[in-house]
Amino acid sequence: YRRGEHFQLGPLTLTNPIYGDIDLGFAQGGSARKIAGIVGYDVLARSVVELEVGTPRIALHDPATYTLSGGEWQDLTLHANHACFRARYEGEHEGLFRLDTGATGTVTFHAPTVRRFELLKDREVLANQSSGVGGSASAPEGVLKWFELAGHRFEAPRVEFSQATSGAFTDVYTDGNIGQQFLKPFKIVLDYRHDRIAFVAL
């Protein structure tokens, strides 16, 4: 950890912030732009955040004066300082999923969920690897019958089924991580102060 002097994101400025020092080589990919860091809960919790993955666009607002335009609020659950919300999927299952704006895919089901609901049983899959801060692990890729988020149903999406034995994808509290491909149809509004999130159709 390192102490900084200030950090500014749009209208928000933090004084004497503490930075976590991690290797972001896994996230660089083929981008010509160097990734300096990851902005997470400690910054975003101080404002209402509007995020459009497909545009891309992010806007910060004062929680005391913000009014939601379109869409409906739903409960936001914090788990290890990650934004989690409920979604439904094949088999009439429903569970908590983590918002993972750094993931480029649809959804990665956590290993305990894959085992509990036997999500790989009789399913054709392709070998695949998932990677993140905690390292990489096998995550076979296959077609799910459907996935529903905030009333929007994705038919026959390709998803990942983690086989991790350690790290974030072994979490038993949440069913999986939702990535950019499932977020593109929405403007996501995060209001950590009031424990709520909205998915506004674009």
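Colleague: Which residue in β21 stands opposite Asp191?

Modeller: Arg196 in β21 stands opposite Asp191. This is a predicted model, in which local features need pLDDT of at least 70 and side-chain atom pairs count only at pLDDT 80 or more, whereas totals for chains, interfaces and linings use all residues. Residues are numbered from 1 along each chain as its sequence is written, and side-chain values use heavy atoms, with hydrogens and water left out.

Colleague: Why is strand β20 described as largely enclosed?

Modeller: A residue is buried under 20% relative accessible area, exposed over 50% and partly exposed in between (1.4 Å probe, protein chains only). In β20 (residues 186–191), 6 of the 6 residues are buried, so the rest of the structure largely encloses the strand. Phe186, Ile188 and Leu190 cover one side, and Lys187, Val189 and Asp191 the other.

Colleague: Why is the aromatic pair of Tyr89 and Phe147 called stacked?

Modeller: The structure holds 13 aromatic pairs. In this one, the centres lie 6.1 Å apart, with 10° between the planes. Rings of Phe, Tyr and Trp (its six-membered ring) pair if their centres lie within 6.5 Å, and planes under 30 degrees apart count as stacked, over 60 as edge-to-face and the rest as tilted; the pair is therefore stacked. Because Tyr89 lies in strand β9 (residues 82–89) and Phe147 in strand β16 (residues 146–149), the pair ties together parts 58 residues apart in sequence.

Colleague: How do you know that Tyr89 counts as buried?

Modeller: Its relative accessibility is 0%, so Tyr89 counts as buried. Phe147 also has 0% and counts as buried. The rings of Phe147 and Phe182 are stacked too, with centres 4.9 Å apart and planes at 25°. Phe182 belongs to helix α4 (residues 180–183), 35 residues from Phe147.

Colleague: What makes Arg153 a charge over the face of Trp146?

Modeller: The rule requires NZ of Lys or CZ of Arg within 6 Å of the ring centre and within 35 degrees of the ring normal. Arg153 lies over the face of Trp146 at 3.7 Å from the ring centre, and Arg196 over that of Trp73 at 4.1 Å.

Technical notes:
Helix = DSSP H or I, 4+ residues; strand = E, 2+ residues; numbered from the N terminus. Pairing = 2+ DSSP bridges.
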